[in-house]
Number of protein chains: 2
Amino acid sequence: MSRKMVTIDGNQACTHVDYATCEIITIYLITPSSSMAAEADAKATAGQKNIWGSVPAVTQMQSEGGVAGSLHGSLTTGALCTTFTASQGLFLMMPNMYKLAGELTPTVFHITARSIACQGLSIFGDHGDVMAVRQTGWGMLCSQNVQECQDMALIATQAALKSRVPFMHFFDGFRTSHEIQKIEQLTEDDMRAIVDEDLVVAHRQRGLSPDRPMMRGTAQNPDVYFTGRETVNKYYEAIPAIIQETMNKFGAMTGRQYHLFDYYGDPEAEDIIIMMGSGSETVAATVEYLISQGRKIGLIVVRLFRPFDSKAMVNAMPATVQRITVLDRTKEPGAPGDPLYLDIRAAVGEAVESSIVNLQPRILAGRYGLGSAEFTPAMVKAVYDNMASWAPKNHFCVGPDDDVAFTSLDYDKSFNIEGDDVYRAMFFGLGADGTVGANKNTIKIIGTETDNSAQGYFVYDSKKSGSITTSHLRFGKNQVVAPYLINKANFVACHNFTFLDKYDMLANLEDGGTFLLTTTFKKTQVWKQLPAEVQKQIIAKKAKFYIIDAIKLAEAIGLGARINMIMQTAFFLISGILTQKQAIKAIKDAIKKTYGKKGDKVVKMNYDAVDTAVKNIVEVKIPKTVSGHEKPATVPADAPDFVKEVTAKMIQGHGDEIKVSQMPDDGTWPTGTTQYEKRNIAVHVPVWKPENCIQCGRCSLVCPHAAIRMKIVKTADLKKSPKSLKTAAAVGKQFKGRKAIVQVFTEDCCGCTLCVYECPAKKKALEMIDNTEKVRTQEAVNVKYFLELPSWLGIHRRRECNRSSLL
Amino acid sequence: MSRKMVTIDGNQACTHVDYATCEIITIYLITPSSSMAAEADAKATAGQKNIWGSVPAVTQMQSEGGVAGSLHGSLTTGALCTTFTASQGLFLMMPNMYKLAGELTPTVFHITARSIACQGLSIFGDHGDVMAVRQTGWGMLCSQNVQECQDMALIATQAALKSRVPFMHFFDGFRTSHEIQKIEQLTEDDMRAIVDEDLVVAHRQRGLSPDRPMMRGTAQNPDVYFTGRETVNKYYEAIPAIIQETMNKFGAMTGRQYHLFDYYGDPEAEDIIIMMGSGSETVAATVEYLISQGRKIGLIVVRLFRPFDSKAMVNAMPATVQRITVLDRTKEPGAPGDPLYLDIRAAVGEAVESSIVNLQPRILAGRYGLGSAEFTPAMVKAVYDNMASWAPKNHFCVGPDDDVAFTSLDYDKSFNIEGDDVYRAMFFGLGADGTVGANKNTIKIIGTETDNSAQGYFVYDSKKSGSITTSHLRFGKNQVVAPYLINKANFVACHNFTFLDKYDMLANLEDGGTFLLTTTFKKTQVWKQLPAEVQKQIIAKKAKFYIIDAIKLAEAIGLGARINMIMQTAFFLISGILTQKQAIKAIKDAIKKTYGKKGDKVVKMNYDAVDTAVKNIVEVKIPKTVSGHEKPATVPADAPDFVKEVTAKMIQGHGDEIKVSQMPDDGTWPTGTTQYEKRNIAVHVPVWKPENCIQCGRCSLVCPHAAIRMKIVKTADLKKSPKSLKTAAAVGKQFKGRKAIVQVFTEDCCGCTLCVYECPAKKKALEMIDNTEKVRTQEAVNVKYFLELPSWLGIHRRRECNRSSLL
């Protein structure tokens with residue numbers, strides 16, 4: 001079997017190996033590991049076999065505690081087992097993990113390293129979870145990128161079997177687990193070449209069986225427990241060599257040679273960073289750039305974190321090193337330092353005492369990227385600058401602006417190392433509009449149809465459906481190594497017109513770049529509908545500006561709000577990555593693959609979307625004058641200070657500019673703030689038809705965002721009502737002479753249509769209409785009046801309601 | 001209120017404060033913390049009030065996970081809350097602990113630090129559990145002894161309220177939690193003086209309430225999570241000063257002045273140990289002894305482990321220090337060092353780089369006392385000797401004999417620092433015979449009735465009821481500081497005659513000491529019944545030898561097998577701690593207190609026990625000749641090697657002599673080994689009466705130790721049967737011509753009497769008789785023959801049955 005290149009994410013890369021080398025896979029889904037569990041389950045359902053020809057049994061348990069317990073049992077009978085988890089899920093496995101290690105039971109758990117809920121919950125990535133279980137006696141092997149997610153999964157599997165020590169194979173949640181990259185896929189023969197079958201048999205033989213009774217799980221008293229605990233020393237001593245041997249064999253087979261600690265940079269570096277995880281790729285790229293500027297710097301990437309081979313670490317260090325900064329992606333408040341820092345202190349300290357190193361390098365500690373906070377080349381430069389400075393900060397953080405304890409490093413946000421060899425595109429979509437899915441297809445097409453490398457990363461708002469999603473796509477002839485968001489884009493696409501008033505999406509467009517906008521406005525009208533700021537940016541950046549009325553086109557074809565295929569086609573045609581012919585063929589092939597099972601009709605609709613896109617892309621000539629409106633304020637002028645200073649920044653997408661002093665210390669948040677965020681995201685909004693209404697109130701009740709409310713009012717109170725305010729004679733004897741109002745809060749509406757669906761009136765009392773500027777303005781006036789109307793009887797519901805999230 | 005001296009254990013000392021300073025106590029019992037939860041519950045049931053005059057609500061949950069969750073809720077409303085836990089129980093609280101810290105919620109959890117189940121489970125003490133949660137952001141304050149369990153509980157409570165950071169207050173499981181000491185009890189006024197009521201009000205004000213709505217437990221995205229995480233820095237920076245201030249206030253009030261790090265030893269020490277927990281008391285006592293021998297050594301005791309104040313630690317260190325050994329009571333396989341070692345490395349390393357210390361001391365790491373393994377002055381001396389040696393071992397363990405990885409230090413077991421100012425007594429009792437309870441009373445009497453300090457520690461076999469318990473009692477005019485087992489005893493009492501054949505209990509008797517034995521043999525007969533080895537020891541040690549037939553006396557009074565009061569009286573009279581008159585009065589007072597509620601009859605029986613003991617203590621004149629029998633082998637000659645080399649040593653009480661190479665690496669144990677342990681512990685054993693037996697087999701079925709078995713055999717097979725073997729004609733047509741045998745395995749019997757109780761025969765077919773030497777010998781012959789008899793039909797049950805344990 002020859003190896004093929006595939007364009008997949010870190011979770012898929014990992015699952016490719018772990019599924020193929022296991023018999024029992026026990027799961028409990030937790031973000032961001034879920035897709036590994038889901039994929040393993042899908043493979044088993046489809047009858048896919050492992051490398052020994054059997055279909056692994058995939059079982060979902062009631063919690064991670066159950067997963068750990070059942071895996072402990074399965075492993076103890078000699079089966080090959082795995083699971084996937086993260087964050088608090090990993091904690092529930094801890095008691096069993098100690099036992100699995102103490103009983104020398106080989107297994108590999110694959111961990112998408114994720115934050116722990118502290119002052120707030122975060123589903124995003126850092127090393128808080130894996131660092132919290134570093135004391136369990138498990139081996140810990142870290143992958144830095146998507147390729148390694150696959151490679152290290154295999155290396156860990158063999159190392160666990162050979163050493164008898166269980167392993168955690170971990171990689172950065174979201175940043176690696178969900179980044180899509182073009183990688184070389186291992187074949188089943190590759191896996192069979194690395195996993196030693198004799199060790200599998202030995203594991204079987206150690207399994208508990210009534211045929212050769214033995215006992216595990218005994219209690220040991222003070223006389224022997226300690227002695228029993230010291231029996232394992234030799235197993236741990238052996239692991240580093242086992243890992244390196246396996247890495248060497250793997251390197252000879254694939255050409256990808258890994259080491260316990262890999263050094264990058266100047267062989268005579270004076271300042272080095274030591275770290276692990278995806279951030280090390282950013283550092284490596286920055287090191288290369290800074291060395292070209294004359295800096296004598298380097299980087300040690302930690303792959304085998306446990307057992308920590310202090311000697312191998314020191315050996316990886318150039319003899320010239322004078323200063324070390326250890327970067328940890330976790331925070332342990334109250335500790336004298338974060339975990340990797342403490343390890344490096346011990347390793348270097350012992351080496352100095354044993355005269356293995358001559359000079360004693362100065363060692364600093366830094367913290368970065370908690371909860372998937374961005375870690376950029378600019379921050380890396382700040383870390384090296386700090387090291388080289390006269391009075392370097394120690395125990396710093398880089399990223400936040402700590403104006404309280406002054407722990408943070410300043411950094412130059414404009415510093416950028418990305419070259420012209422990479423094409424960068426950003427897409428702003430609405431959650432569930434298909435943008436992310438389309439972009440995933442785009443990457444796969446580029447990965448498959450061209451010799452480009454490709455990278456895709458997707459930023460979701462945790463409001464999910466109906467909120468903004470940003471897709472970051474990079475591709476180029478060289479391997480794309482940039483595990484951070486795009487800073488300078490060649491191409492920016494806006495898939496929702498209302499975003500222009502809310503987000504500064506052209507800030508990232510580079511000069512001469514391309515801007516694609518979906519809009520219902522015509523070529524001749526669109527310019528004057530843009531906010532003045534956007535107009536200025538387009539002019540200043542000398543941008544190319546294209547529009548397409550994707551919504552109308554999609555509706556005409558029958559695709560409803562799913563404008564993804566149209567926008568994807570537009571991107572291909574405008575960007576010129578492929579020729580028009582190639583692009584259309586590739587997209588249509590992808591459509592057949594994706595929608596084939598749903599029948600010819602669906603395929604045809606999508607084919608039509610491609611064809612219609614080709615015909616309807618319109619380039620807009622850029623006027624020289626700025627004529628647009630001022631962007632509306634993100635929150636109203638009467639909003640509380642906290643909402644103006646903190647919430648508003650988060651709404652705008654500038655949450656990273658909030659200072660430490662502005663954040664609540666203890667995660668306590670004011671309530672009732674969602675009322676200040678007028679999202680205006682609905683493409684269509686309901687309009688009330690009083691003549692059909694039976695005033696049952698069901699529409700108000702079912703609206704998930706409390707965007708429809710009712711009042712019964714006195715006629716006398718309506719004297720000054722806006723002309724556009726609709727009323728009806730109140731139904732019911734007790735309301736005689738009163739008026740009923742069903743008011744739609746269009747700015748809060750998400751366009752879900754539940755109100756229309758649930759309306760029991762024979763002729764529906766609500767109808768969906770286009771959410772035009774006119775409708776919005778008119779209803780905003782009505783809403784304002786409505787809110788002040790004395791309510792004789794009404795349904796009042798707070799707006800802090802159940803916004804769904806993917807937690 | 002003036003303070004009184006009380007003689008209580010660590011758990012009681014801690015609960016004295018935590019109960020009085022809390023409103024909500026949520027519990028899930030786990031050894032060794034259980035008695036705190038039980039005591040809090042009992043206090044609440046009795047309506048005892050806290051220092052603010054309300055009765056705390058004590059609620060048991062379904063698991064430690066539920067405890068943490070419900071406490072999180074209660075705390076979030078502004079209540080003062082606590083719980084008690086250990087080991088895996090603590091792990092289930094982890095997810096909530098991160099949140100409690102992140103949300104800056106003051107509370108104190110009291111932890112009896114306990115091992116984690118790895119290769120085997122251990123209910124005993126080490127720091128494995130608390131070290132596994134050191135990254136949660138909680139403060140961690142360690143108590144070294146019973147007095148501190150009370151004092152630090154109060155200091156932690158105030159510090160948590162003032163700093164808003166939750167605290168773990170921990171102390172060594174069993175060694176401190178269950179050691180009884182005479183301590184000075186804090187008054188409620190003391191507690192009110194330390195706990196600042198304004199801070200309690202502030203905590204209340206922060207509580208969630210519909211009256212002032214605010215939100216906690218939100219999700220934070222990558223834009224703000226990291227910034228939110230850095231808000232807490234100032235709170236952690238403030239803690240060390242808060243703790244020291246509180247300690248100072250506490251010191252001024254009580255005279256007990258504590259520091260974050262306390263130094264003991266030579267102010268110009270060259271070699272120091274840094275550690276925490278009960279073991280530091282052993283080190284302190286040994287340091288004092290070794291300094292008197294001219295050594296320049298010292299000790300730093302860590303009290304505030306988190307936040308770790310590196311500067312305070314370095315300041316506590318004499319400037320003369322050249323070598324440091326950090327002792328950890330936990331093992332983290334694969335780490336570059338155990339946790340305290342890593343912290344000290346960082347603290348000293350940073351101090352060297354900042355030129356705070358001039359010389360760079362060499363730092364070594366050691367591990368001790370896992371799973372309550374003994375940590376003695378002899379081991380402490382070995383640690384100092386290692387430091388001073390030419391090529392010191394690093395990352396060593398002290399205690400086990402590691403003949404595999406050679407990590408252990410050798411130590412001179414005969415090294416002893418205990419002086420003549422302390423009276424030491426050891427009592428060997430049978431689980432559930434009342435020995436431990438009586439000794440607890442003894443300590444209390446000595447603590448209350450004399451100006452002596454007193455210490456009691458109790459070693460249980462996890463076989464519990466019916467197995468050996470050893471009580472270690474020390475008292476003297478000075479404070480007793482010796483958190484390790486007695487090595488040289490002034491007094492040894494054996495409460496079960498059969499122990500003489502099994503345990504070397506006189507090994508610990510010092511020359512000229514006293515030996516008290518309960519026996520049914522008369523003064524004139526007893527000597528020749530002793531094993532030869534025991535006779536030799538008594539002669540060589542010039543011991544005084546007393547006997548008392550406590551069992552007969554107890555039975556005569558109606559106390560059955562409860563010989564405790566008789567033996568306690570005998571101890572007081574022989575030891576002469578109190579005059580006879582004082583002793584009798586004190587014991588009778590204690591009886592009234594203990595049994596008063598059970599009615600006059602019980603009190604009188606116990607009074608009688610005291611009076612009868614006084615009259616029946618008999619001193620035995622020591623012959624000069626050794627005439628006794630050889631002790632029987634612990635296990636039979638045909639036992640497997642593992643049983644002879646490992647199991648037998650554990651049975652003898654010499655499990656600590658087992659080498660690392662002899663222990664299974666992965667906790668896998670051979671099955672069927674209990675058959676080789678002939679415990680012979682029953683005072684009375686059943687004898688079969690064939691004439692009454694209906695052969696229903698129920699006796700065999702109900703015997704929890706499979707000590708009664710049945711066979712139906714051919715008469716022809718009985719030709720060579722021992723004369724003493726009893727048989728009966730087999731009942732049932734199908735067994736015509738066969739014989740039935742119900743064989744009692746007296747050596748395995750525990751004397752529970754269930755067989756007799758359950759026998760449905762009109763005239764009972766089983767009767768309890770004295771388990772004399774004659775009976776044992778005879779039945780052993782029968783058993784041997786019985787086991788070899790071909791069974792035509794029988795009930796075979798394996799002996800690996802449900803021996804109860806307190807896990």
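This is a predicted model: local features need pLDDT of at least 70, side-chain atom pairs count only at pLDDT 80 or more; totals for chains, interfaces and linings use all residues.
Two residues are said to be in contact when heavy atoms of theirs lie within 4.5 Å.

A:Ser122 is found in the loop that runs between strand β5 (108-113) and helix α6 (128-131) of chain A. Leaving aside residues up to four places away in sequence, A:Ser122 touches A:Arg114, A:Ser115 and A:Gly371, along with B:Gln220 and B:Tyr225. Is this serine buried or exposed? Residues under 20% relative accessible area are classed as buried, and A:Ser122 has a relative accessibility of 1%, so A:Ser122 counts as buried. A polar atom of the A:Ser122 side chain also lies 3.0 Å from the backbone nitrogen of A:Phe124.

Chain B is superposed on chain A by a rotation of 180 degrees, with 0.0 Å of shift along the axis and an RMSD of 0.2 Å. This is the relation of a two-fold axis. Which residue of chain B comes closest to the rotation axis? That residue is B:Leu342, whose C-alpha is 2.9 Å away from the axis. The copies meet through the same surface, because 100% of the interface residues of chain B are also interface residues in chain A.

A last stop is helix α18 of chain B, which spans residues 532-540. Its buried residues are B:Ala532, B:Val534, B:Gln535, B:Gln537 and B:Ile538. These buried residues pack against three elements of chain B, namely β21 (509-518), α17 (526-529) and β22 (544-548). Just after α18(B) comes B:Lys542, with a positive phi of about 50 degrees.

Definitions and conventions: Residues are numbered from 1 along each chain as its sequence is written. Chains are lettered from A and ligands numbered from 1 in the order in which they are written. Side-chain values use heavy atoms; hydrogens and water are left out. Copies are superposed by least squares on the C-alpha atoms of residues with pLDDT of at least 70 in both. Helices (H or I, at least four residues) and strands (E, at least two) are DSSP runs, numbered from the N terminus. Buried means under 20% relative accessible area, exposed over 50%, partly exposed in between (1.4 Å probe, protein chains only). A polar contact is a pair of N or O atoms within 3.5 Å; within protein, one must be able to donate a hydrogen and the other to accept it, and residues adjacent in sequence count only if both atoms are side-chain atoms.
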